[in-house]
2 protein chains.
Amino acid sequence: MRSFYALYRMAKAFHQYKNPSISVDIVLFGYHESRLSILLINRKEEPYADRWTLPGGFLRMEETLLQTCRRILKEKTGFSKLYLEQLFSFDALHRDPRRRVISIAYYGLINSFYYQLVLSKIANDIKWCSVHHLPPLGFDHREIYKLALRRLRDKILYFPIGFELLHGEFTLPELHDLYECILDRTLDRRNFRKKMLDASYILPTGKKKSGLQHRHPDLYKFNRDIDPHHFKINI
Amino acid sequence: MRSFYALYRMAKAFHQYKNPSISVDIVLFGYHESRLSILLINRKEEPYADRWTLPGGFLRMEETLLQTCRRILKEKTGFSKLYLEQLFSFDALHRDPRRRVISIAYYGLINSFYYQLVLSKIANDIKWCSVHHLPPLGFDHREIYKLALRRLRDKILYFPIGFELLHGEFTLPELHDLYECILDRTLDRRNFRKKMLDASYILPTGKKKSGLQHRHPDLYKFNRDIDPHHFKINI
DNA sequence: TCAAAAGTGTTTGTACTACACCCATGC
DNA sequence: GCATGGGTGTAGTACAAACACTTTTGA
């Protein structure tokens, strides 16, 4: 009888603690050679075996969500220092066919292609994929990606996140190209330069970038003395 | 032995499914007589017994998060049709002293004071409380409230959520006062009127509001033909 | 010296700000 | 008729948009 009672207590506890699994999914944007890409993983296992999905994984009880994101990205990219921001929680009842999973999506920015991608055991393949040629994605990951891109486009207009995608020192044409890639439209070169400099958001380093074919452009750096929360710019 | 085996399986399942509890907490804004308020509940039980907190509750397995919000608000206010938007997920490890609870916060807007508040069994008291005189709040609810207010203030500048707080027909002075309450600053009456009308965001009904002491102001209504996602206004 | 990309200033238009007087109503 | 709040227009300013030529460099 004692074991039945223990079973009963366990069942009760089980029921009480029965909760959805919590996962994170990450839209990791990278920028390289005038292309905005996201990191995709080809799944080895069901569901969605052989389909491309966003990197993601399950929360552990002793982790915060951000820590989960960083652990997963470290496993897959080797990179640990990057900009991450919470995006939205996706909670449709059957978004994962296995069981109830609530996914809290994050998006991140990385100066991509610096680090070798690591192929984990649960994946067939991992790659950077241009946002202009995305394959069909598993789960509701296309929806998550679309929201992330919208958020990134909105945010870059009034918050200096773009710099997370460039090196410590960069040229104005590089910054300009980055903005055009993210926003997917052309921006007047002269006005762009003027706004960036007037906001004293970037500072000249006095150096020039060499090794290029034509005129050597000036190098700038991010002005870290500006409070990004009070940064105000209209591209 | 059979019961031990069952116990073992159960324990394994328990472990596998051990996940944080998921709750929602709701910052419900109401507006009445030139005051912006939020709905607060005085807890009867530990933790934070006798302290004021945001309305909230635990997700059930068969519910979406929005359904959880609506169930909770229906229990406490009797009101079911209201504007709700996901705000942020709060996941600090010990934000709830009982166990790991991840709270997905929502904020909502209600044409308040229409509906009688319902005192549930787990509460000592429930009330609308002016945002200018908030008591200390339990859990991390002050942080949640602050984020909600910031979001509301940001959003009202470019999205027509303010109308959710007014009746179907309203006067321009009422709308003006609502914006001033939410933003907590004065706005030029003439410019405000001009912008609202130029955006054809509100439409004259041809009627006037009577029963007032002085000149009877014109009544307007929300222009539902405008796609709120393309609504653009700068207050 | 030529081709390609980087650097620079001015003009024009639009949109926000600031501001003061008349009108309708109830008492 | 008077006190109170509602309705209306204009002038000034600031910022964003549009736009073309000169400079630097490698080949």
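In the predicted model, DNA strand D is surrounded by 19 residues, of which A:Arg215, B:Pro173, B:His214, B:Arg215 and B:Pro217 are the closest. Sorted by class, the surface near DNA strand D comprises nine charged, seven polar and three nonpolar residues.

Around DNA strand C there are 18 residues, and those that come nearest are A:Pro173, A:Arg190, A:Pro217, A:Asp218 and B:Arg215. Here helix H4 (172-183) and H5 of chain A, together with H5 of chain B, each supply at least two residues of the surface, and the largest share, three residues, comes from H5(A). The surface near DNA strand C divides into eight charged, seven polar and three nonpolar residues.

Within chain A, two domains are assigned, domain 1 spanning 19-155 and domain 2 spanning 168-230, and their C-alpha centres lie 29 Å apart. The contact between them involves six residues of domain 1 of chain A and five residues of domain 2 of chain A. On the side of domain 1 that touches domain 2, strand S2 (35-43) and helix H3 (141-156) of chain A each supply at least two residues, while the class composition of that side of domain 1 is three nonpolar, one polar and two charged residues.

Key
Residues numbered from 1 in each chain as written. Chains lettered and ligands numbered in written order. Predicted model: local features only at pLDDT ≥ 70, side-chain atom pairs only at ≥ 80, totals over all residues. Domains from an automatic or database assignment. Contact = placed C-beta atoms within 7 Å. Helix = DSSP H or I, 4+ residues; strand = E, 2+ residues; numbered from the N terminus. Nonpolar A, V, L, I, M, F, W, Y, C, P; charged D, E, K, R; others polar. Near = placed C-beta within 6 Å.
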